[in-house]
Amino acid sequence: MGKEAFGLAAKDNSGVLSPFRFSRRETGEKDVRFKVLFCGICHSDLHMIKNEWGISTYPLVPGHEIVGVVTEVGSKVTKFKTGDKVGVGCMVGSCGSCDSCTEGLENYCPKMIQTYSFKYYDDTITYGGYSDNMVCDEGFIIRIPDNLPLDAAAPLLCAGITVYSPLKYHGLDKPGMHIGVVGLGGLGHVAVKFAKAMGLKVTVISTSDSKRDEAINRLGADAFVVSRDQNQIKDAMRTLDGIINTVSATHSLLPLLGLLKPKGKLVMVGAPEKPLELPVMPLVFERKMVMGSMIGGIKETQEMVDMAGKHNITADIELISADYVNTAMERLEKADVRYRFVIDVANTLKPTP
Amino acid sequence: MANSQSTDENKAFGWAANDKSGVLSPFHFSRSRENGDNDVTVKILFCGVCHSDLHTIKNDWGFSHYPIIPGHEIVGIATKVGKNVTKFKEGDRVGVGVIVGSCQSCESCNQDLENYCPQLVYTYNSSSFDGTRNQGGYSDKIVVDQRFVLSFPDGLPSDAGAPLLCAGITVYSPMKYYGMTEEKGKHLGVSGLGGLGHIAVKIGKAFGLKVTVISRSSEKESEAIDRLGADSFLVTTDSQKMKDAIGTMDFVLDTVSAEHSLLPLFSLLKVNGKLVALGLPEKPLELPVFPLVLGRKMVGGSQIGGMKETQEMLDFCAKHNIVADIELIKMSDINSAMDRLAKSDVRYRFVIDVANSFSSA
């Protein structure tokens, strides 16, 4: 029953990944099947393998920044064919009929099915991209532009859309606007690239000076502010139209709110587990806002990837072999990566004999 | 104290707090200037008692400078107008709200959003540009630049209309800014049924919204529905009802300034829902981030409004017969009114009958 598959799974909340044989469904009439070439390692994968959010089902095959080449399409598939370069991000299904789905915002559908560790329509548990092949409904497949290197494009499928969506939705995409990016990691570095491509002025906000040179000279940020330095914060007060806040550790919102112009928007894309302190005065007296955002709909994910193709935007990656994955997770926990690990699945993920 | 000319003309009388006990008592003073070319002198008839008045006289926010005459929901009659004043003439019924000055040249001022001007001057407990201290409407008269004086529409009664000058604009402005009034039938939750909340219900209904009052107890339920016109009433301690209401509201106006949890309010919002904070708690509130991220929700704030939209609000209220529910008091009752206000024991705004409380100064 089903097709054989092979991957890396966590068996319990120690989070240690080890070889795992399983089966995926046969290619249904609306499905696209592809050979996985690369899969990005998202920090969410780390949270999930350790069950930090309490929603994990084991064995858990993570991975939702998946790219590869189509090997088979179902009879009713119209948009893709064998040989196409495609990707799958964080979602593999949604109800299709609620307000969110009809507006192309499957990510906010209450019945949205995530790429791994979620129950699918056939009652099976979804398995993610740390595996050799992937099958997915056509409606959740993203076409990867030909000119983008597949390994460095993989992280766009989660990190890319996570920062692109709020920049567009909150109108923070007009040339000449000035945005801040808090945290220079997987999300943050991609945010800088998209923002610059949109013609924005970008200030990176970080807790230490160590990434200043990178931010400005390599990623193209216009300015760098160390959030713990009162003087640097003071000089940058009331200068930003919006802030993309990628930090998921507990931190203070007060200095960030101070950096916003009146009516400015602080967008949370990192999700701290514990509530943060919300100083209400900046909101009331300067009509500032704090909002959240989570990935994006399929249509806008495609739009984002197409924009990346046009502007040659990819993630900065460290390509690793499958047997390095547990070490990579340990380093990710310490934020020791510039800026995304990507698993070279096709070349290094081999079934054990 | 900086220059204050004590001519007979600007002698004034009010009730002031002298320290953070907040006890108000009779106070003779001088208005800081005579009626200038751009000014309107207002004989005060009524003044609403706003919760901010109570916070200020007790120095809850830490920036009170005594003596303080509070009061920023002022309705009166123009008794003198300067020679450059075009919008008002003697005898006109006018209002003065929360602000009496701004720089008049910054981006906010140029957009008729004087309330966001970084050099904003409040009606009381603040200094004018010439350094003199401003005193508020618990007094017999006030002198204000014409830009900050409002025309009080014919249909609005002076006493019950007075609270619109702060409470009214404080709810009207965010309702417009955050898009709550664009479509009839959207669902607005009003958290807290006090001075701000009860007016939010009335204005929300006038805009064709479905309105649910969210409250800690069921005490005000029949009032809210039968008298104020709310469509439904949700008690936050009723966990089943709260569960049923999850994800049903497009907007929530949070008028509560006591410490409270935002989490249940966020859960009431639909995807893309907006929570607008209007109350000013003493300490920061707890912000659970997951609900914002998972549902693309937001929390914003707002305070009063610009002069143009305050006038627009007054005209709207006159057209729809929206006034505050008030308890009229004499100035001599103000201290016991403040005690009751601290316990939210008022349906829903005290208004001081100033003109009838004072003998001529």
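Reader: How many salt bridges does the structure hold over all chains?

Author: There are 41 of them over all chains, a salt bridge being a side-chain nitrogen of Lys or Arg within 4 Å of a carboxyl oxygen of Asp or Glu. This is a predicted model, where local features need pLDDT of at least 70 and side-chain atom pairs count only at pLDDT 80 or more, while totals for chains, interfaces and linings use all residues. Residues are numbered from 1 along each chain as its sequence is written, chains are lettered from A and ligands numbered from 1 in the order in which they are written, and side-chain values use heavy atoms, leaving out hydrogens and water.

Reader: Ok, which residue meets A:Glu29 in a salt bridge?

Author: A:Lys76 does, at 3.5 Å from N to O. A:Glu29 sits in the loop between strand 2 (17-24) and strand 3 (31-41) of chain A, and A:Lys76 in the loop between strand 4 (66-73) and strand 5 (85-88), so the pair links parts of the chain 47 residues apart. Helices (H or I, at least four residues) and strands (E, at least two) are DSSP runs, numbered from the N terminus.

Reader: And how many salt bridges are there between chain B and chain A?

Author: The count there is 0. Polar contacts do turn up, with 7 residue pairs across the interface, both at pLDDT 80 or more. That term means a pair of N or O atoms within 3.5 Å; within protein, one must be able to donate a hydrogen and the other to accept it, and residues adjacent in sequence count only if both atoms are side-chain atoms.

Reader: Which element gives the largest share of chain B's side?

Author: Helix 9 of chain B, with 6 residues. By class, that side has 23 nonpolar, 9 polar and 3 charged residues. Here Ala, Val, Leu, Ile, Met, Phe, Trp, Tyr, Cys and Pro count as nonpolar, Asp, Glu, Lys and Arg as charged, and the others, Gly among them, as polar.

Reader: Switching topic, where does UniProt place the domain in chain A?

Author: An unreviewed UniProt entry puts "domain: Enoyl reductase (ER)" at residues 15-343 of chain A. That span is 26% helix and 27% strand, and its end C-alpha atoms lie 17 Å apart.

Technical notes. UniProt positions are given in the numbering used here, feature names are shortened, and annotations may be inferred rather than shown by experiment.
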